[in-house]
Amino acid sequence: MNAHGPIAMIVAIVAVVVSVDGVEAEVRRALLVGVNTYQDHKTTVSSPVSGTIVEEKPKAGGQTPGASRGSWTNLDGALNDVEAMRAILVARFGFQPDHVRVLTEKQATREGIIQAIRAHLIDPAQDGDVSVFFYAGHGSQVRNTRGGELDQLDESIVPSDVNQGARDVRDKELDRLWRKGLDKGIVITAIFDSCHSGSISRGNSRDEKERVGPPDMGDVADPPDPGRTPEEYDNFLNLSAAQDTQSAMESSAAMHGAFTHALMKTLTSVSLNESAENVFLAVNGFLRGEGRVQQPVLGGSEARKR
């Protein structure tokens, strides 16, 4: 692969977001989650939104909470995103292979994701260690009448077992995990290439897919926790593909999420020590230049963004 290929371009974003003030962490850990396949059956229907053929789970003897939300379009680029990130963390940034855990497809269940964050990124890490979480897949929303949001919806990532009745992993659940690590002094970077990802933690055209799923309207009635949000810590940074009200696109031509693809293109022309804030502005400009509606989000303290 040449120096301007996808892996080389991912180098820059990881360099920007993984270190703080140029200080090397003692131990670097990463959890990379990607889901392309949400449906593994052969029944297909035509999407009422795009007209494209999508898969639909057969309904027999009643519906599980996940299945009742409708059809889920399988994705194309999420696993490519994960593999590019894994390769560069090991090859360029000195992550030991056994410190980089990958959950894909059927491994990326609700409980699998939550348990891996806790057991791999939070519990074993110490003050000054780096923990990187990367998610590529569908995003959605979950009704929460006590969540403090005006729309009464929590943003969420969608696990691979959604059609077996598993609920999404909500932003408030992720925040509780992040705060536990942040209070220990762990430097946490969370990157999401999914729809509705602006406050968390892929949209349809002829050659693209949407990393979005129908909302879960079963009320969780989960109030927000008191205290600081993760973005108010100096050791947290969040990069998200879209605002919490938007879809995030996946390009079949690039075989990556549009947000990830924009990061790659942008970072061929910036220095490796460019600030996260400047990288973000350039990525946003690239997406605007392509005529995309989605607006990425950079979350974190002003010091962390610099």
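# Reading a predicted chain: sheets, helices and an aromatic cluster

The protein chain exposes about 12800 Å², and carbon and sulfur atoms supply 50% of that area, as computed by the Shrake-Rupley method with a 1.4 Å probe, where for residues only the protein chains shown count as cover. This is a predicted model, in which local features need pLDDT of at least 70 and side-chain atom pairs count only at pLDDT 80 or more, while totals for chains, interfaces and linings use all residues. Residues are numbered from 1 along each chain as its sequence is written, and side-chain values use heavy atoms, with hydrogens and water left out.

Reader: How many helices and strands are there in the protein chain?
Author: Helices (H or I, at least four residues) and strands (E, at least two) are taken as DSSP runs and numbered from the N terminus. Counted in that way, the protein chain has seven helices and 14 strands.

Reader: What percentage of the 306 residues is buried?
Author: A residue is called buried under 20% relative accessible area, exposed over 50% and partly exposed in between, with a 1.4 Å probe and protein chains only. Of the 306 residues in the protein chain, the buried share is 55%.

Reader: How many bridges join strand β1 to strand β5?
Author: Strand β1 (residues 28-34) also pairs with β4, in the parallel sense over five bridges, and there V33 has L103 as its bridge partner. Towards β5, R28 is the bridge partner of V130, and G34 stands opposite A136. Strand β1 and strand β5 (residues 130-136) run parallel, and the number of bridges joining them is seven.

Reader: Which residues of β1 point one way and which the other way?
Author: In a regular strand the side chains alternate between the two faces of the sheet. Strand β1 is mostly covered, with seven of its seven residues buried. One way from β1 point R28, A30, L32 and G34, and the other way point R29, L31 and V33.

Reader: Which residue has its backbone oxygen 2.8 Å from a polar atom of the side chain of S131?
Author: S131 is found in strand β5 and is buried, with a relative accessible area of 1%. Leaving aside neighbours within four places in sequence, S131 is in contact with several residues, including R29, A125 and T189. The backbone oxygen that lies 2.8 Å from the side chain's polar atom belongs to L121.

Reader: Which residues form one aromatic cluster?
Author: Rings of Phe, Tyr and Trp (its six-membered ring) pair if their centres lie within 6.5 Å, and planes under 30 degrees apart count as stacked, over 60 as edge-to-face and the rest as tilted. F133 and F192 make a tilted pair, 5.7 Å centre to centre with 55° between the planes; F133 lies in strand β5 and F192 in strand β9, so the pair ties together parts that are 59 residues apart in sequence. The rings of W178 and F236 also form a tilted pair, with centres 6.5 Å apart and planes at 40°, and both residues are buried. The one aromatic cluster is formed by F133, W178, F192 and F236.

Reader: Where is E105 found?
Author: E105 has a positive phi of about 50° although it is not a glycine. Its place in the chain is the loop between β4 and α3.

How values were computed: Pairing = 2+ DSSP bridges. Polar contact = N/O pair within 3.5 Å; in protein donor to acceptor, adjacent residues only side chain to side chain. Contact = heavy atoms within 4.5 Å.
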